[in-house]
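Reader: I am new to this structure and would like to learn how to read its features. Please take them one at a time.

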Amino acid sequence: MRETLGKMLLSLGEQDESLVLVTADVGDSTRAMYFREKFTSRYFNVGISEQHMVNFAAGLARAGFKPVVICFSMFLMRAWEQIRNSVCRMDLNVKFIATHSGLSDFADGSSHQALEDIALMRVIPGMKIFVPADSFEIERSLSNLLIENRGPLFYRIGRDFNEIITKDCYGEFELGKALVLEEGDDITLIGAGSILKNVLEACNDLRKLGIKASVLDMSSIKPIDENTIERFARRTGLIMTVEEHSIYGGLGSAVAEVIIKKYPVPMRIVGMNGFGRSARSYQELLEYFKLDKKSIVNYAIELLKNAKH
Amino acid sequence: MYTFDQNIHLGSSLSAVEIVTAVLFKHIRSCNSKDWFVLSKGHAAPVLYAALIELGMIPREEMRRIQAIDGILQGHPEIHVEGVDVSSGSLGQAFSVAVGIAMAIKLKREEGRVYVIMGDGEQDEGEVWEAMNNAAKLNLSNLIVIIDENDFQLDGHVEDIRPKHYLPYVWHAVGWDVFMCNGHDIASLDLTLEKAENSRHPSVIFARTIRGKGLKSIENTKIQKPDLNLVKPILENA
């Protein structure tokens, strides 16, 4: 994901001279260095100063540039107040690319694993949130979101998961539109980000058990696609969300807010309920926290059973 | 500038009257519209509003509705008001934003300076250190900071809360040109601002002031508002 992103940013920098990159000493880790090598004067490494990084970008935006802030999601959260008070309060055109989100920074442990970032961003008025599932979804969305879209936006990606799971059949990109990855009448599984790979694999295993699941890619968490959520709530009568994020305030909460308003059905929010930890591999960590495909299958079966009683 | 039913920071506003006057009337609005003005000590909003009224940018009657539910003038400056270039209120933040603006001006190869007024208590904030360093690294000679050294912050004297007497040395060591002046003397401010404008580095002016200047009962104290019964007749006759 980071490689795709780094190359895309370079290409967008060529398209739009007002695009500038701001980072806090993580240019290499986030692959912003490709942009730096080509556009030295439009690349700013402010040092390990996340609060100033956000404010500096706010100033650049106030004076007419389109700053893209690129930083580990966890450390961007240090600047929550600057994001709120400098960027969103003035409705400035600053885009945040939050890398190493969720559990994807598996080795570094809980200090680096942003599991609360969606919740923190979702409550800020004017902030939009997008979580691409794979490199293809990055390519599909990035130009629209960084260049054409106006105002603050939080773009959340993992460390380096790269498997393509979405398909080239969704038409033109539109923020606020969910992608339907699978269709089935028994239960709707909703995910965002690279965890969708596990959700899709769980969907296949459920099918083998005779359970037909729909799978929605809810990459646009704010604004959220209320119509599609309502349509699938009506169709399947059961909703389960899966996320590499706290069960409080993230994708599950956003979907639940739509469900209670539009068409209440039984629902389960699967995600993290505490801090992460280190592991030797990403997959090992997902299994530990029961976010692997087997656990997702079990959660779905449990929800189906409970709903029948 | 004062009406009687608001929770305004009068003491902090009065210490900055001459600074705001010198910058806005002698160095910015009247001669060069490409300059930016950033009131980083946003709690001194009333003095900025008063100046913008005198400059004809805000209707005079709005001053009576400061902080009112139907007024345009918020407790701290917001950019929807003409003449407010950066919303402020959270200390340290607007200075840090101003560094980005100064960089943008340079990047566009435009003329124009960014004038920032900060408080001395505000210097406690960690993001001031971050922004001060970055501005020096980028050598933003179009950035001029004036620190309203009124010696007080919310809970008391600045030296009791966290000592600050060494700050000029710190700013200088980081790479800023440092100036000192009397913050209540327009001529002194004018001359020092001219020096800062001609500097080849980012500049900071430590302007010595008196908190609550002009209202004897609160001068040089942490008290923001005087006893209104004592002051009302004085202000009404002013």
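Author: Start with the contact between the two chains: chain A contributes 24 residues and chain B contributes 27 residues. Keep in mind that this is a predicted model.

Reader: How much area is buried between chain A and chain B?

Author: The two chains bury about 2000 Å² between them, and carbon and sulfur atoms give 57% of that area. On the side of chain A, the residues that lose the most area to chain B are His52(A), Arg62(A) and Arg89(A), which together account for 28% of what that side buries.

Reader: Which residue forms a salt bridge with Glu78(B)?

Author: The partner is Arg89(A), and the closest N and O atoms lie 3.1 Å apart. The pair counts because a salt bridge needs a side-chain nitrogen of Lys or Arg within 4 Å of a carboxyl oxygen of Asp or Glu. Between chain A and chain B the count is one salt bridge. The interface also has 13 residue pairs in polar contact, both residues being at pLDDT 80 or more.

Reader: Which elements of chain A each supply at least two residues of the side that touches chain B?

Author: They are β2 (43-45), α3 (50-62) and α5 (80-88) of chain A. The largest share of that side comes from α3(A), with nine residues.

Reader: Now to a single chain. Into which domains is chain A divided?

Author: Domain 1 covers 2-156 and domain 2 covers 179-308. Taken over C-alpha atoms, the centres of these two domains of chain A are separated by 26 Å.

Reader: How many residues of domain 1 of chain A are in contact with domain 2 of chain A?

Author: On the domain 1 side 30 residues take part, in contact with 35 residues of domain 2. The area buried between these two domains of chain A is about 2200 Å², with 57% of it on carbon and sulfur atoms.

Reader: What polar links are found between the two domains of chain A?

Author: One salt bridge is found across the interface of domain 1 and domain 2 of chain A. A salt bridge joins the side chains of Arg122(A) and Glu257(A), at 2.8 Å from N to O. Polar contacts between the two domains of chain A come to 19 residue pairs, with both residues at pLDDT 80 or more. On the side of domain 1 that touches domain 2, the elements giving two or more residues are α6 (117-122), β5 (128-130) and α7 (135-148) of chain A. Of these, α6(A) gives the most, with five residues.

Reader: Is Ile205(B) buried or exposed?

Author: Buried means under 20% relative accessible area. Ile205(B) has 1% relative accessibility, so the residue counts as buried. Ile205(B) lies in strand β7 (residues 203-208) of chain B.

Reader: Which residues is Ile205(B) in contact with, leaving aside its neighbours within four places in sequence?

Author: Among them are Ile144(B), Val145(B), Ile146(B) and Ile147(B), along with Phe179(B), Cys181(B) and Leu193(B). Gly183(B) is 22 residues from Ile205(B) along the chain, with 9.3 Å between their C-alpha atoms.

Reader: Are the cysteines Cys181(B) and Cys203(A) buried or exposed?

Author: Cys181(B) counts as buried because its relative accessibility is 8%. Cys203(A), at 0% relative accessibility, is also buried.

Reader: How many disulfides does the structure hold?

Author: The count over all chains is zero.

How values were computed. Residues are numbered from 1 along each chain as its sequence is written. Chains are lettered from A and ligands numbered from 1 in the order in which they are written. This is a predicted model: local features need pLDDT of at least 70, side-chain atom pairs count only at pLDDT 80 or more; totals for chains, interfaces and linings use all residues. Side-chain values use heavy atoms; hydrogens and water are left out. A disulfide is a pair of cysteine sulfur atoms within 2.5 Å. Buried means under 20% relative accessible area, exposed over 50%, partly exposed in between (1.4 Å probe, protein chains only). Domain bounds come from an automatic or database domain assignment. Contact means heavy atoms within 4.5 Å. Buried area is the accessible area (1.4 Å probe) that two parts lose on being put together, summed over both. A polar contact is a pair of N or O atoms within 3.5 Å; within protein, one must be able to donate a hydrogen and the other to accept it, and residues adjacent in sequence count only if both atoms are side-chain atoms. Helices (H or I, at least four residues) and strands (E, at least two) are DSSP runs, numbered from the N terminus.
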